[in-house]
Amino acid sequence: MEIGRKLSKISEVQKKLSKRVLERPLRVDDVKSIGAVDVSYRGNLARAAFVLCSYPECRILETNVVEAETGFPYIPTFFFLRETRPILLVLRGRKFDVLLVEGHGKAHPRGYGLASHIGLLLGKPTIGVAKRPLKGVSEELFIKMGKAYVSVGHLIDLESAARIVEALMEGGYPKPLRLADKLSKRGIL
């Protein structure tokens, strides 16, 4: 099947899955740990990094790094196809209350970005955090905070997501994601 038809079918699946994403307030006072995940690439090798921090102090509690072959090329708005496998591998056996995902959630043209996909697969609250908004997405679906665009992933609402991210901001970006980014690229914090 040609790539255009495959992507068209995947687009329809994303639209259907977006209806399963639950947006609801989260009791932020009950949150004790925040996980953050980011993936870097070198050729066909993905290096996924997980950082677990206490909340709201943001003390590092745990880290994990996994390398895996990539199975899908980078295609805008189909990011979840490339990053899901390395993220699930790095998260295997990890516990957290909320997960920050480097990528969009509902602030996606089909309402179903990487953060929503990971949240739906794990059944955990997720927050999408990206460095730029995607074209064609309503500004009601994200909040710009410093250098970050924050959106609902799954099992959280935008207000709760913004409260959590605000408490973690350092230098214009959430500290746990900045640490995961560094770990994925250099392997050191």
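Helix 5 covers residues 175-186, which makes 12 residues. From its first C-alpha to its last, helix 5 reaches 16 Å, close to the 16 Å expected at 1.5 Å a residue. The model described here is predicted. Its seven strands form an open sheet in the order 3-2-1-4-5-7-6, with mixed pairing.

**The sheet as a whole**

- The edge strands of the sheet are strand 3 and strand 6 (143-145), and each of them pairs on one side only.
- Direction ignored, neighbouring strands of this sheet are turned by 25 degrees against each other on average.

**Helices on the sheet**

- Helix 4 (residues 158-168) packs on the sheet and touches strand 1, strand 4 (98-102), strand 5 (126-130), strand 6 and strand 7 (148-154).
- The direction of helix 4 makes about 130 degrees with that of strand 7.
- Helix 5 also packs on the sheet, where it touches strand 1, strand 2, strand 3, strand 4 and strand 5.
- The direction of helix 5 makes about 35 degrees with that of strand 1.
- The buried residues of helix 5 are Pro176, Leu177, Leu179, Ala180, Asp181, Leu183 and Ser184.

**Strands 1 and 2**

- Strand 1 (residues 33-42) and strand 2 run antiparallel and are joined by 10 bridges.
- Ala36 has Val51 in strand 2 as its bridge partner, and Tyr41 has Ala46 in strand 2 as its partner.
- The two strands form a hairpin with two residues between them.
- Gly43, in the turn of this hairpin, has a positive phi of about 65 degrees.
- Strand 2 (residues 45-54) is mostly covered, since eight of its 10 residues are buried.

**Strands 2 and 3**

- Strand 3 (residues 60-69) runs antiparallel to strand 2, and nine bridges join the two.
- Leu45 stands opposite Glu69, which belongs to strand 3.
- Five residues lie between the strands in the hairpin of strand 2 and strand 3.
- In that hairpin, Cys58 takes a positive phi near 65 degrees.

**Ser33**

- Ser33 is found in strand 1.
- Its relative accessible area is 11%, so Ser33 counts as buried, the cut-off being under 20%.
- Leaving aside neighbours within four places in sequence, Ser33 is in contact with Leu52, Cys53, Tyr55, Phe96, Asp97 and Val98.

**Aromatic pairs**

- The structure holds four aromatic pairs.
- One of them is formed by Tyr74 and Phe79, which are edge-to-face, at 6.0 Å centre to centre and with 85 degrees between the planes.
- Tyr74 counts as exposed because its relative accessibility is 51%, and exposed means over 50%.
- Phe79 has a relative accessibility of 26% and therefore counts as partly exposed.
- Phe142 and Tyr149 have ring centres 5.5 Å apart and planes at 75 degrees, so this pair is edge-to-face.
- Both Phe142 and Tyr149 are buried.

**Charges over rings**

- The charged end of Arg110 sits over the ring of Phe78, at 4.5 Å from the ring centre.
- The charged end of Lys124 sits over the ring of Phe96, at 5.2 Å from the ring centre.

Methods. Residues numbered from 1 in each chain as written. Predicted model: local features only at pLDDT ≥ 70, side-chain atom pairs only at ≥ 80, totals over all residues. Heavy atoms only, no water. Buried < 20%, exposed > 50% of the residue type's maximum accessible area, 1.4 Å probe, protein only. Helix = DSSP H or I, 4+ residues; strand = E, 2+ residues; numbered from the N terminus. Pairing = 2+ DSSP bridges. Contact = heavy atoms within 4.5 Å. Phe/Tyr/Trp six-rings, centres within 6.5 Å; stacked < 30°, edge-to-face > 60°. Lys NZ or Arg CZ within 6 Å of the ring centre and 35° of its normal. Expected span 1.5 Å × (residues − 1). Axes fitted to C-alpha atoms, helices over the stretch in contact; angles between N-to-C directions.
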